[in-house]
Amino acid sequence: MDEQIGLRTLEKEDLEFIHTLNNNADIMSYWFAEAYKSLAELKDLYDKNISNPHERRFILKKGNEKLGLVELVAIDPIHRKAEFTIMIDPAQQGNGYAGRATRLAMNYAFATLNLHKLYLVVDQINEKAIHIYKKAGFQVEAELKDEYFVNGAYHNAVIMCMFQEDYFSMS
């Protein structure tokens with residue numbers, strides 16, 4: 001089963017799937033964002049960023065089934081760091097895919113892109129995600145108080161990171 005799970009490059013044909021995720025209020029609340037993005041806007045962003053060297057966007061897949069979106073953004077080749085983001089289809093949550101996707105993204109970041117540091121920002125109330133990230137080797141680097149306003153309340157954000165040398169020492 002696990003061998004079928006992998007990452008592939010985001011294609012234009014995937015945008016309807018991404019549109020569904022981006023317009024799910026539950027998902028977007030964890031991204032500190034409003035669930036409001038048109039398909040036309042997604043297509044425009046895709047076209048504008050298809051060749052952006054500072055971004056890598058992937059579909060998490062199992063065989064031909066789409067499980068979620070995995071991104072490395074704000075890739076900084078000088079400081080050798082990037083931000084990791086993930087979005088799992090709610091219908092696929094609870095199957096261990098987030099942990100697998102996190103490890104696949106880490107491997108790509110450290111082994112392929114030769115990054116020094118991978119970081120992420122997570123809502124402090126998202127205990128499941130924090131558990132997954134810690135299990136993968138991420139450590140809490142900072143807590144930002146009242147950083148984001150979501151659903152009528154301010155939320156604390158946790159910044160977590162992983163370093164290349166720590167990743168390879170775990171492997």
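Q: In which strand is leucine 60 found?
A: In this predicted model, leucine 60 sits in strand E2.

Q: Why does leucine 60 count as buried?
A: Its relative accessibility is 0%. Buried means under 20% relative accessible area, so leucine 60, at 0%, counts as buried.

Q: What is leucine 60 in contact with, leaving aside its neighbours within four places in sequence?
A: Its contacts include Ile5, Gly6, Leu7, Leu67, Val70, Ile88, Tyr97, Ala101 and Leu104. A contact needs heavy atoms within 4.5 Å. Isoleucine 159 is 99 residues away along the chain, and its C-alpha atom is 23 Å from that of leucine 60.

Q: Which residues have the most contacts inside the largest nonpolar core?
A: They are Leu60, Phe84, Leu118, Tyr133 and Phe138, in a core of 32 residues. E2, E3, E4, H4, E5, helix H5 (127-136) and E7 each supply at least two of its residues. Helix H4 gives the most, with eight residues.

Q: What makes this a nonpolar core?
A: Such a core is a set of buried residues of the nonpolar kinds, Tyr and Cys among them, joined through side-chain atoms within 4.5 Å. Nonpolar side chains tend to be buried together in soluble globular proteins.

Q: Which residues does tyrosine 133 touch, not counting those up to four places away in sequence?
A: Tyrosine 133 touches Phe84, Ile86, Thr102, Leu120, Val122, Phe138 and Met160.

Q: Why is threonine 102 called buried?
A: Threonine 102 has a relative accessible area of 0%. The C-alpha atoms of threonine 102 and phenylalanine 138 are separated by 10.0 Å.

Q: What lies 2.8 Å from a polar atom of the side chain of threonine 102?
A: The backbone oxygen of alanine 98 does, at 2.8 Å. A polar contact requires a pair of N or O atoms within 3.5 Å.

Q: How many strands has the open sheet, and what is their order?
A: There are seven strands in the order E1-E2-E3-E4-E5-E7-E6, with mixed pairing. Neighbouring strands are turned by 30° against each other on average, direction ignored.

Q: What makes E1 and E6 stand at the edges?
A: Strand E1 (5-9) and strand E6 (139-150) each have a single partner strand, so one side of each is left without a neighbour in the sheet.

Q: How many bridges join E6 to E7, and do they run parallel or antiparallel?
A: Eight bridges join E6 to strand E7 (residues 153-163), and the two run antiparallel. Phenylalanine 149 stands opposite tyrosine 154 in E7. Two strands pair if there are at least two bridges between them. E4 and E5 are joined by three bridges and run parallel; alanine 82 has leucine 118 in E5 as its bridge partner.

Q: Why is E5 largely enclosed by the rest of the structure?
A: Six of its seven residues are buried, so strand E5 is largely enclosed.

Q: How do you know that the buried residues of H1 line one face of the helix?
A: The buried residues of H1 are Leu15, Phe17, Ile18, Leu21 and Asn22. Seen down the axis of H1, they fall within an arc of 155°, so they line one face. Glu16 and Thr20, on the other side, are exposed.

Q: What covers the buried residues of H1?
A: The cover includes helix H2 (25-30), helix H3 (39-49), E2, E3 and E4. Helix H1 (residues 15-22) lies across strands E2, E3 and E4, running at about 85° to E3.

Q: Why is arginine 80 called partly exposed?
A: Arginine 80 has a relative accessible area of 29%. Buried is under 20% and exposed is over 50%, so arginine 80 falls in between and is partly exposed. Arginine 80 lies in the loop between E3 and E4, and its phi is near 55°, a positive value in a residue other than glycine.

Q: Why is aspartate 146 partly exposed?
A: The relative accessible area of aspartate 146 is 48%. Exposed requires over 50%, so aspartate 146 is partly exposed. Aspartate 146 is placed in strand E6, and its phi, near 45°, is a positive value in a residue other than glycine.

Terms used. Residues numbered from 1 in each chain as written. Predicted model: local features only at pLDDT ≥ 70, side-chain atom pairs only at ≥ 80, totals over all residues. Heavy atoms only, no water. Helix = DSSP H or I, 4+ residues; strand = E, 2+ residues; numbered from the N terminus. Axes fitted to C-alpha atoms, helices over the stretch in contact; angles between N-to-C directions. Buried < 20%, exposed > 50% of the residue type's maximum accessible area, 1.4 Å probe, protein only. Arc of directions from axis to C-beta. Polar contact = N/O pair within 3.5 Å; in protein donor to acceptor, adjacent residues only side chain to side chain.
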